[in-house]
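Thanks for coming, everyone. I have one structure to walk through today. Please take a look at it on the screen before I start.

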Amino acid sequence: MRKSAGAAAAAAALAAIMMAALLLVACVGNSESTSTSHIQSENEESITPPSRSDIDDSAGGDASVLSRPGSDEESAMRMVVKCNGVEVVYALNDNAAAKGLVAQLPLELEVQPFSSNEITVYPPSKLDVSDSQLAGSGGRGVLAHYEPWGDVVFFHDDFEGNSSLFELGVAESGVGGIEGMRGTATLEAL
């Protein structure tokens, strides 16, 4: 089970409020809520992904770029997700799960909002997580794979990791658009 009943009700109420706010202002806002959809147990080892302090606010003041210290942009695997006029570029980790996702590209998949902090898609083939790091507690821009359900998760706000959530990469640009993704998304290798 990914959430308790109380957390699910709170997440549903928050999602309704967020949708109403989005409709009123007709733009994507920045949420400061934290979901409990991915809760890590006390005995699990935590691996910490980049934090909000790693976000570069110089891109138009929208904190849409998550920097990866020491990344080699020319040899790094990258992916772009296009949905509703939004483009989010991800730098992918060097692991079997990320390579397995890239091997399936290009894809057109239905995006599904889940909880108050994530958008999900379901690639057609299972991803191999044998050499992948867990996605510890993190923030917006993290790309992850929830192995039991087979979904790829685009986080647009803080989250808690668990023993089944594996990091695939982080957003380099377009983070502010993740929350507003709806309908069909195109995923392509860069």
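**Strand pairing and burial in a predicted model**

Strand β6, residues 112-114, runs antiparallel to β7, and three bridges join them. The two strands make a hairpin with three residues between them. In that turn, serine 115 has a positive phi, about 60°.

Now the other partner of β7. Four bridges join β7 to β9, again in the antiparallel sense. Here glutamate 118 stands opposite phenylalanine 155 of β9.

So what covers the two faces of β7, and which residues lie on each side? Recall the general rule: in a regular strand, side chains alternate between the two faces of the sheet. In β7, Glu118 and Thr120 are on one side. Ile119 and Val121 are on the other. All four are buried, and both faces of the strand are covered.

Histidine 156 sits in the loop between β9 and β10. Is histidine 156 buried or exposed? Its relative accessible area is 6%, so histidine 156 is buried. A polar atom of the histidine 156 side chain lies 3.3 Å from the backbone nitrogen of glutamate 118.

Which backbone nitrogens does the side chain of asparagine 162 reach? One is that of serine 164, at 2.7 Å. Another is that of leucine 165, where the distance to a polar side-chain atom of asparagine 162 is 3.1 Å. Asparagine 162 counts as buried because its relative accessible area is 11%, under the 20% cut-off.

On to a second hairpin. β3 and β4 pair antiparallel over seven bridges. Valine 81 has valine 88 as its bridge partner in β4. Two residues lie between the strands of this hairpin. Asparagine 84, in the turn, has a positive phi of about 55°.

β3 also pairs with β11. That pairing is antiparallel, over four bridges. In β11, alanine 189 is the bridge partner of methionine 79.

The largest nonpolar core has 29 residues. Which of them touch the most other members? They are Met79, Val81, Tyr90, Leu143, Val152, Phe154 and Leu187. Several elements each supply at least two residues of this core: β3 (77-83), β4 (86-92), α2 (96-104), β5, β7 (118-121), β9, β10 and β11 (184-189). There is also a second, separate core of nine residues. Its members include Ala135, Tyr146, Val153 and Val170.

Setting aside neighbours within four places in sequence, its contacts include Leu101, Ile119, Val121, Leu143 and Leu168. Thr120, Pro123 and His145 are also among them.

Now the whole protein. There are two helices and eleven strands. Along the sequence, the order is α-β-β-β-β-α-β-β-β-β-β-β-β. The protein has 190 residues, and 47% of them count as buried. Take contacts between residues at least 6 apart in sequence: 69% of these join residues at least 24 apart. The accessible surface is about 8900 Å², with 53% belonging to carbon and sulfur atoms.

Last, confidence. The average pLDDT is 74, and 61% of the residues score at least 70. Which elements have the lowest and the highest mean pLDDT? Strand β1, residues 55-56, has the lowest, at 38. Strand β5, residues 107-110, has the highest, at 98. Two stretches deserve a mention. Residues 1-5 have pLDDT below 50, and beyond near neighbours in sequence this stretch has 14 contacts in the model. Residues 18-74 also have pLDDT below 50, with 110 contacts beyond near neighbours in sequence.

That's the tour. Happy to go back to any part of it.

Technical notes:
Residues are numbered from 1 along each chain as its sequence is written. This is a predicted model: local features need pLDDT of at least 70, side-chain atom pairs count only at pLDDT 80 or more; totals for chains, interfaces and linings use all residues. Side-chain values use heavy atoms; hydrogens and water are left out. Buried means under 20% relative accessible area, exposed over 50%, partly exposed in between (1.4 Å probe, protein chains only). A polar contact is a pair of N or O atoms within 3.5 Å; within protein, one must be able to donate a hydrogen and the other to accept it, and residues adjacent in sequence count only if both atoms are side-chain atoms. Contact means heavy atoms within 4.5 Å. Accessible areas come from the Shrake-Rupley method with a 1.4 Å probe; for residues, only the protein chains shown count as cover. pLDDT is the predictor's confidence in each residue, from 0 to 100. A nonpolar core is a set of buried Ala, Val, Leu, Ile, Met, Phe, Trp, Tyr and Cys residues joined through side-chain atoms within 4.5 Å. Two strands pair if DSSP finds at least two bridges between them.
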